[in-house]
Every structure is written in structure tokens, then in C-alpha cells.
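Subject: Handover of a structure and notes on it

Dear colleague,

Please find the structure below. My notes follow, and I would be grateful if you read them with the structure open beside you.

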Amino acid sequence: MLAVQAPAVVPGTASVDAITVGDSHTCAARTGQAPLCWGFGGEGALGNSGTATTPTPTGVVGLSGATAVAAWRHSCALVSGDVWCWGRNDSFQVDASQPPSVLTPTRLLGLPARALAAGGSHTCVVRDDATQEVVCWGANTFGQLGDGTTTTRNVPTEILW
């Protein structure tokens, strides 16, 4: 029989406001500070300008004051309503203007948001405007973008209702 160990406090995570778990990494948002990420760093998932696996929390480069985080094989954060993403970008789930691996956060211009979510190869946000529409981008193999197609989208696309 396996022995069960008690949960341990993750060092350096005092005052965390939000947390997300990705495929093989974790990220946390902290008021007035850089978001933290730890775990598998391949393809830039940790946002620390590298690809090394890091078993302890490390600050995301260039961001401060994230109110929400989302992760799967890439990561995103909301900072003052702006969407910032980094990591795996093979289906343009981070940003169409970036390479397949984005090692530091990139801001998605013109996309004010109030909530966000990350899937395996796609990202969705709730716009922070009068419409409060959901927009998604990235892989769409199974129709996960909600636009009525299975076409990969490299820019945020309104879902159909």
C-alpha cells in the first residue's frame, strides 16, 4: 500500500489571488506582483524566458498585477484587462505573430478581457466591453472554438450563439 503524504505549502506563494493548473505546470496570480509559474518549462510555458523545468515558483518576466491566470500547454494572464500569453504556440493559441514557442509574455492588442481560459491548443476570453462576448482562437479540430467550423483561427473569433 502506498503511503499518502500530507499536502505541502508551496514556498513563495503567500497572497495568491488565483491559481491554474496546466498540463504539466502551475501558475498563480498575486496582487501587485509578478505571476508565478512552476513545473515543466518546455516551449516557454513558465514565461521566464527559458525552457527549463523549474520545481519551485518563478516570476513571469515583465508582468505585474495579474488578476487571473489560465494554463494548459501555454499560459495566459489578465493584467489591467489586457491579455498576455506565452508558451506553446503551435496552433496560434498564444499569438499569430509569434513563433511556435513564446518564452516571455506577449500582449494581445485590442482585446480587453474580464475572464480567460486555456485549452490544449486554444484560448478563450470574455471581452470586457459592452458586448461581453466570448472570443476564441487556436486549434479548432473538434469545433472547440464555437464558431460553427473546424477551422483553426489565428486571431480571436466570436463564437456563435
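In these notes, two residues are in contact when heavy atoms of each lie within 4.5 Å. The model is a predicted one: local features need pLDDT of at least 70, side-chain atom pairs count only at pLDDT 80 or more, and totals for chains, interfaces and linings use all residues. Residues are numbered from 1 along each chain as its sequence is written, and side-chain values use heavy atoms, with hydrogens and water left out.

Alanine 28

Alanine 28 touches Val16, Ala18, Ile19, Pro35, Leu36, Trp38 and Val69, when residues up to four places away in sequence are not counted. It lies in strand β2, residues 25-30; strands (E, at least two residues) are DSSP runs, numbered from the N terminus. Alanine 28 counts as buried because its relative accessibility is 1%, where buried means under 20% relative accessible area (1.4 Å probe, protein chains only). Between alanine 28 and arginine 153 there are 28 Å in space, C-alpha to C-alpha, and 125 residues in sequence.

The four-stranded sheet

Four strands form an open sheet in the order β9-β10-β11-β12, with antiparallel pairing; two strands pair if DSSP finds at least two bridges between them. At the edges are β9 (113-118) and β12 (153-158), each of which pairs on one side only.

Strands β9 and β10 run antiparallel and are joined by five bridges, and a hairpin of three residues connects them. Within this pair, leucine 116 has valine 125 of β10 as its bridge partner.

Strand β10 (residues 122-127) also pairs with β11 (residues 134-138), again in the antiparallel sense and over five bridges. The hairpin of β10 and β11 has six residues between the strands, and glutamine 132 in it takes a positive phi near 50 degrees.

Why is β10 largely enclosed by the rest of the structure? Five of its six residues are buried.

The nonpolar core

A nonpolar core is a set of buried Ala, Val, Leu, Ile, Met, Phe, Trp, Tyr and Cys residues joined through side-chain atoms within 4.5 Å. The largest one has 28 residues, and Val83, Trp86, Leu111, Leu116 and Val125 have the most contacts inside it. Among the strands that each supply at least two residues of this core are β2, β9 and β11. Leucine 111 is in contact with Gly81, Val83, Val125, Arg127, Val135, Trp137 and Pro156, leaving aside neighbours within four places in sequence.

Yours sincerely

Methods
Buried means under 20% relative accessible area, exposed over 50%, partly exposed in between (1.4 Å probe, protein chains only).
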